[in-house]
Amino acid sequence: DYAASQLINLKEYDLAYNFLLGRFRESPDAFSSKWIGNINLNRGNIDDAIKYLSVSIKYDNTDAQTFYNLAGAYIKKKDYKKALTEIDNCLKIKTDFPNAQTLRAQLTDILSQ
């Protein structure tokens, strides 16, 4: 975890990914699955992003950032209903999460059309 954290801080995501995968295979946890999910989201691997972010939530359902990123993954899949559910989960944890209220309003508009 330490090596992966340091690489993430340096924005060396490709290098961190290998450490995270090794950690996840050895002993899955919220940290490794969250970051594997985030990196996959940034790489455009949406199904993998959803898979790992969902696993992360099973280990820690109090991380608003993970719910926010999961909402973003569902938006990329155009699954706006699931995205709204996840953004609502984010806001339940942290009502002032940056950009979450705006994203929620946009999703509500899309779903009302």
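**Figure 1. The chain as a whole, built from seven helices and zero strands.** In this predicted model, the order of elements along the sequence reads α-α-α-α-α-α-α. The radius of gyration is 14 Å, close to the 13 Å that the globule rule gives for 113 residues, so the chain is as compact as a globular protein of that length. Taken along the principal axes, the box filled by the C-alpha atoms is roughly 45 × 25 × 25 Å. Of the 113 residues, 41% are buried, and the accessible surface comes to about 6,700 Å², with 49% of that area belonging to carbon and sulfur atoms. Among contacts between residues at least 6 apart in sequence, 41% join residues that are at least 24 apart.

**Figure 2. Helix α4 and the helices against which its buried residues pack.** Helix α4 runs over residues 46-59, and its 14 residues reach 20 Å from the first C-alpha to the last, close to the 20 Å expected at 1.5 Å a residue. Its buried residues are Ile46, Ala49, Ile50, Tyr52, Leu53, Ser56 and Ile57, and they pack against α2 (13-26), α3 (30-43) and α5 (64-76).

**Figure 3. Asn69, a buried residue of helix α5.** With a relative accessibility of 12%, Asn69 falls under the 20% cut-off and therefore counts as buried. When residues up to four places away in sequence are left aside, Asn69 touches Asn38, Leu41 and Leu53, and Leu53 is also one of the buried residues of α4.

**Figure 4. Two of the three aromatic pairs that the structure holds.** Phe24 and Tyr52 form an edge-to-face pair, with 5.1 Å from centre to centre and 75° between the planes. This pair links distant parts of the chain, since Phe24 belongs to helix α2 and Tyr52 to helix α4, 28 residues apart; both Phe24 and Tyr52 are buried. In the pair of Tyr68 and Phe97, the ring centres are 5.1 Å apart and the planes stand at 40°, so this pair is tilted. Tyr68 lies in helix α5, whereas Phe97 lies in the loop between α6 (80-93) and α7 (100-112), so the pair ties together parts that are 29 residues apart in sequence. Phe97 is itself buried, as its relative accessible area is 11%.

**Figure 5. A charged side chain over an aromatic ring, shown by Arg43 and Tyr17.** The charged end of Arg43 is placed over the ring of Tyr17, at 4.3 Å from the centre of that ring.

How values were computed:
Residues are numbered from 1 along each chain as its sequence is written. This is a predicted model: local features need pLDDT of at least 70, side-chain atom pairs count only at pLDDT 80 or more; totals for chains, interfaces and linings use all residues. Side-chain values use heavy atoms; hydrogens and water are left out. Helices (H or I, at least four residues) and strands (E, at least two) are DSSP runs, numbered from the N terminus. The expected span of a helix is 1.5 Å times one less than its number of residues. Buried means under 20% relative accessible area, exposed over 50%, partly exposed in between (1.4 Å probe, protein chains only). Contact means heavy atoms within 4.5 Å. Rings of Phe, Tyr and Trp (its six-membered ring) pair if their centres lie within 6.5 Å; planes under 30 degrees apart count as stacked, over 60 as edge-to-face and the rest as tilted. A charge sits over a ring if NZ of Lys or CZ of Arg is within 6 Å of the ring centre and within 35 degrees of the ring normal. The radius of gyration is taken over C-alpha atoms; the globule rule is 2.2 Å times the number of residues to the power 0.38. Accessible areas come from the Shrake-Rupley method with a 1.4 Å probe; for residues, only the protein chains shown count as cover.
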